Amino acid sequence: MTKALDELLDLLDLEQIEQDYFRGQSRSAVVPRVFGGQVAAQALVAAGRTVPEDCVAHSLHAYFLRMGDPGAPIVYTVDRIRDGRSFTTRRVVAVQHGQPIFHLSASFQTYEEGLEHQADMPPAPDPETLPTAAEMLPRHLPPEVAQRLLDARGAVDLRYAETPPWGTVGQPREPRSQVWFRTNGKLADDPLLHVCLATYVSDMTLLDSVLLAHGRGGWAVGDVVGASLDHAMWFHRPFRADEWLLYDQESPSAAGGRGLGQARIYTQDGRLAITVIQEGVVRVPR
């Protein structure tokens, strides 16, 4: 396990300060605010610690309300909305400096058999043949920017199937992108942990496809400004976040200063594990 992954797992190991109250720490991201994926993952950890062990997360719906302060702790309050025989629902509010910065609703389910089908996994290159982030980023970004991205993503081995938006500035492309990812180290056999790690990574690249449609490089190069507005995930089948997952992403629309990203996450053997949808502010600086 790498030091960066060990630090991330420490971030996700929330301190319980009272029943249904948890406290988490933060670290700086690529931009001077708390990374949205961190808040979403921590909120899901808080929710998951209040449900029975045989319940696994099957969906989450979240809103990013205010920018988080990376220098201050975040308090997560869990509201036990419903405890049913099959489904358990939790609502979590993340608070900093007396104000809510994030809101999440999550639903958990006990295992049951049912009808099954899925969308086929699209063609994708073998992740082992793709350049690592340490190999790709310095090719396209100034050294200090590349290093900042590498530091922020050090817990994850994330590999682009094609050149990312900051490598093709000024060249509009089809609004689709693929990345393979897995954690930089093995994880414990805890389903909630794997779901939370996938939630963390899901906020890293989903809006890249919006940028590709307009030839914009994004937050790394500063030709757009933006932030996540909302985030939804559906967890269909078991998976491990320490094994290769294909994040197949596209953007069906951008309008009104907002861009929409939608994606499917597949295991390497072709099982559809997760569906993700996110809208974010995407503005061109004046």
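Biologist: Why is Glu-162 called exposed?
Modeller: Its relative accessible area is 53%. Exposed means over 50%, buried means under 20%, and partly exposed lies in between (1.4 Å probe, protein chains only). Glu-162 is therefore exposed. This is a predicted model, where local features need pLDDT of at least 70, side-chain atom pairs count only at pLDDT 80 or more, and totals for chains, interfaces and linings use all residues. Residues are numbered from 1 along each chain as its sequence is written, and side-chain values use heavy atoms, with hydrogens and water left out.

Biologist: What makes Arg-173 and Glu-162 a salt bridge?
Modeller: Their closest N and O atoms are 3.7 Å apart. A salt bridge needs a side-chain nitrogen of Lys or Arg within 4 Å of a carboxyl oxygen of Asp or Glu. The pair qualifies as a salt bridge. Arg-173 and Glu-162 both sit in the loop between strand 7 and strand 8, 11 residues apart. Arg-173 has 24% relative accessibility, so it counts as partly exposed.

Biologist: How do you know whether Asp-242 is buried or exposed?
Modeller: Asp-242 has a relative accessible area of 6%, so it is buried. Its salt-bridge partner is Arg-240, with the closest N and O atoms 2.9 Å apart. Arg-240 is at 23%, so it is partly exposed. Elsewhere, shared partners join Glu-128, Asp-157, Arg-159 and Arg-182 into one salt-bridge network.

Biologist: Which residue forms a salt bridge with Asp-157?
Modeller: Arg-159 does, at 3.0 Å between the closest N and O atoms. Both Asp-157 and Arg-159 are buried. Asp-157 also has a bridge partner in strand 8, Arg-182.

Biologist: What makes strand 7 and strand 8 a pair?
Modeller: Pairing takes at least two bridges found by DSSP. Strand 7 (residues 156–160) and strand 8 have 5, and run antiparallel. Strand 8 also joins strand 10 (residues 245–255) through 6 bridges, again antiparallel. There, Arg-176 is partnered with Glu-250.

Biologist: Why is strand 8 called largely enclosed?
Modeller: Because 6 of its 8 residues (176–183) are buried.

Biologist: How do you know how helix 1 and helix 5 are oriented to each other?
Modeller: The axes of helix 1 (residues 3–12) and helix 5 (residues 191–205) come within 12 Å and cross at roughly 105°. Roughly perpendicular covers 65 to 115 degrees. The two helices are therefore roughly perpendicular.

Biologist: Which residues meet there?
Modeller: Leu-8, Leu-9 and Leu-12 in helix 1 meet Leu-193, Leu-197 and Tyr-200 in helix 5. Contact means heavy atoms within 4.5 Å. The contact holds 6 nonpolar residues, no polar and no charged; Leu and Tyr count as nonpolar.

Conventions. Axes fitted to C-alpha atoms, helices over the stretch in contact; angles between N-to-C directions. Helix = DSSP H or I, 4+ residues; strand = E, 2+ residues; numbered from the N terminus. Parallel < 35°, antiparallel > 145°, perpendicular 65-115°, else oblique.
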